[in-house]
Amino acid sequence: MAFDGITIANLAKELNDLLSGGRIQKVAQPEKDELILSVKQYDIYKLFLSADASLPLVYLTESNKPNPLTAPNFCMLLRKHFNSAKILSVTQPGLERSLDITIEHLDELGDLTIKHLIIEIMGKHSNIILCDESYTIVDSIKHISGFVSSVREVLPGRKYFLPQPVEKANPLTLTQEELQTYVLSKNIPLGKAVYTGLTGISPLIAEELCHRAGISSELPACEVSSDHAIHFYNVITRFMEKVSAGEFAPCIIFKDGVPVEFSALPLSCYEDHLTDGMEITYFDRISTVLEDYYAKKNQITRIRQKSADLRRVVATTIEREAKKYDLQLKQMKDTEKRDTYKVYGELITAYGYGVEPGAKSMQALNYYTNEEITIPLDETLSAMENAKRYFEKYNKLKRTAEALTVHLAETKESLDYMESVRLSLDMAQTENDLNLIKEELIESGYLRRHFEKGKKKPQKIKLTSTPLHYLSSDGYHLYVGKNNLQNDELTFKFATGGDWWFHAKGIPGSHVILKADGNEIPDRAYEEAAALAAYYSKSRDNDKVEIDYIEKKHVKKPAGAKPGFVVYYTNYSMMAAPDISGLTLLEE
């Protein structure tokens with residue numbers, strides 16, 4: 001989701017409502033492109049401003065960031081001007097991606113003076129600019145000279161203006177004629193025509209407007225009929241009336257717990273097509289949406305980056321083991337003729353006395369099936385030598401089959417184990433989770449522990465990680481292991497004998513523990529625990545998953561087994577849909 005003009009309109013209203021009349025108590029610049037303004041109103045608000053090229057942001061926060069020992073020049077300048085300064089208003093010009101914070105303060109002579117702190121949220125062109133009352137630039141967090149931009153210089157003494165490289169219509173004051181000129185006259189998909197022809201509209205909002213109008217966003221804009229054009233104009237007008245009136249409903253759209261979009265207004269294009277694992281959460285403030293969305297996004301991105309090496313090791317191992325397994329299956333199929341060779345040898349031994357020298361085959365009654373069969377012979381060998389040759393083939397294939405049976409089991413176990421590790425990587429939420437998976441791979445022999453030469457071997461570090469903790473609709477506690485070491489810990493150290501253990505049948509997945517605490521468990525709690533086991537398994541995308549469940553006291557771990565591997569007998573089974581929407585995830 002782009003930080004578009006509608007999001008900034010929501011932000012401008014929120015900041016104006018909360019900060020107008022407040023006084024700036026503190027200015028900090030924790031990073032070269034970031035500011036934090038502490039504003040005292042009825043409460044203390046911290047306004048976070050970032051002009052970072054990769055992720056420009058503005059929102060109210062309660063978090064603190066460490067400051068450098070020496071304040072940067074721009075920070076010192078703001079402290080000089082903003083000491084006990086009063087915020088008069090926070091406004092947005094049109095629907096531009098810009099905020100104008102108007103500030104009143106006393107100058108060196110004690111006279112009231114107006115300043116404007118302008119925040120531009122424009123991707124790599126983002127900036128934070130201090131202007132005087134006449135919008136002459138005093139300074140900026142980034143200096144942009146004419147050598148960098150031919151459109152606009154951002155330097156002290158220059159006149160400030162918003163860049164307008166592309167002519168667009170303002171959707172807040174849009175007319176039917178402007179819609180035709182800037183949008184419906186273009187021979188490009190309607191969705192693209194909307195966000196390229198109207199100020200402050202992102203591709204997501206363009207898609208939403210098309211959805212509300214019931215027109216495909218892929219339809220060429222110039223092919224929209226006149227009746228549909230009038231209807232589309234009315235949809236845009238009603239949508240923008242909510243923006244003008246400040247009727248915002250900030251929300252985040254989650255898919256399997258991962259934030260995928262956010263918006264300042266409800267998105268019917270998602271609400272009308274919610275799928276399994278997708279949900280929309282509404283918030284009171286757009287600041288909360290922005291902080292939560294980007295915090296979760298950054299965390300997921302960081303975990304993905306840090307797990308890249310582990311994922312590569314796991315993927316390579318799975319590919320290698322899968323090829324080995326396929327080859328072993330092919331070799332095992334080739335040994336299926338061994339019993340036929342044994343029968344040939346026995347029949348030749350029983351009836352071969354009548355075979356003439358040099359015969360290429362013989363007919364014999366197979367006393368196992370009571371059928372007449374033809375047995376191929378090597379004409380250069382006697383009957384007994386042919387029988388001996390068939391017995392040798394049988395014994396060789398028998399030994400091969402016995403060895404392959406062991407190897408197939410080992411390869412399948414290794415393949416399933418690495419699939420479970422890949423599942424654990426998908427579930428990892430913190431760096432500590434990744435460290436635990438890495439330690440597991442080291443202990444299992446898939447990775448080597450590295451330490452510097454000439455130094456003593458480092459002592460093994462005790463790593464800890466907490467399982468996922470859910471609450472059932474009946475108030476029962478459910479725990480889900482996030483990796484194999486945690487699965488072992490959860491099943492054999494945390495759970496008691498009377499607790500119930502759940503796992504997807506025959507496929508990699510998490511151990512799920514339903515705490516009984518001596519109570520008789522209702523059916524719904526069993527079903528919800530099974531749903532968790534289905535959701536946190538390799539078959540999450542299936543409609544139904546078969547789940548085994550049994551009292552924990554009947555679950556055993558064989559000696560020398562890999563982490564997460566257990567055995568059990570006389571279990572119960574049920575089919576469960578991987579839907580956990582009725583469960584509450586508790587924060588540890």
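Buried means under 20% relative accessible area, exposed over 50%, and partly exposed in between, using a 1.4 Å probe and protein chains only. Keep that in mind for the tour.

What you have open is a predicted model, in which local features need pLDDT of at least 70 and side-chain atom pairs count only at pLDDT 80 or more, while totals for chains, interfaces and linings use all residues. Residues are numbered from 1 along each chain as its sequence is written, and side-chain values use heavy atoms, with hydrogens and water left out.

**Stop 1**

Select strand S2, residues 34-40; strands here are DSSP runs of E with at least two residues, helices are runs of H or I with at least four, and both are numbered from the N terminus. Six of the seven residues of S2 are buried, so the strand is largely enclosed by the rest of the structure.

Two strands pair if DSSP finds at least two bridges between them. Click on Ile24 and you will find Val39 of S2 opposite. S1 and S2 form a hairpin, with five residues between them.

On to strand S3 (residues 44-50), joined to S2 by seven bridges and running antiparallel to S2. Here Glu34 stands opposite Ser50, and the hairpin from S2 to S3 goes through three residues.

**Stop 2: another hairpin**

Select strand S5 (residues 86-91) and strand S6 (residues 98-106), an antiparallel pair joined by five bridges. Ser89 has Thr102 in S6 as its bridge partner. Six residues lie between the two strands of this hairpin, and Gly94 in the turn has a positive phi of about 60°.

**Stop 3: the nonpolar cores**

A nonpolar core is a set of buried Ala, Val, Leu, Ile, Met, Phe, Trp, Tyr and Cys residues joined through side-chain atoms within 4.5 Å. The largest one has 89 residues, and Ile6, Leu117, Leu190 and Phe232 have the most contacts inside it. Show Leu117: leaving out residues up to four places away in sequence, it touches residues including Leu37, Leu49, Phe82 and Ile128, where contact means heavy atoms within 4.5 Å. A second, separate core of 31 residues includes Met427, Tyr470, Ala576 and Leu583.

**Stop 4: the helices**

Find Gln328 in helix H9 (residues 308-334). Is Gln328 buried or exposed? At 9% relative accessibility, it counts as buried. Beyond its neighbours within four places in sequence, Gln328 is in contact with Leu404, His407, Leu408 and Thr411.

Next, select helix H11 (residues 383-427) and helix H12 (residues 431-443), which pack at an angle of about 165° with their axes 10 Å apart. The axes are lines fitted to C-alpha atoms, for helices over the stretch in contact, and angles run from 0 to 180 degrees between N-to-C directions. Residues making the contact include Tyr417 and Leu425 of H11 and Leu434 and Leu441 of H12.

**Stop 5: the seven-stranded sheet**

Finish with the open sheet of seven strands, S20-S19-S17-S18-S16-S15-S21, paired antiparallel. Its edge strands are S20 (572-576) and S21 (584-586), each pairing on one side only. Inside the sheet, S17 (residues 500-504) and S19 (residues 545-551) share five bridges, and Ala504 is partnered with Ile547 in S19.
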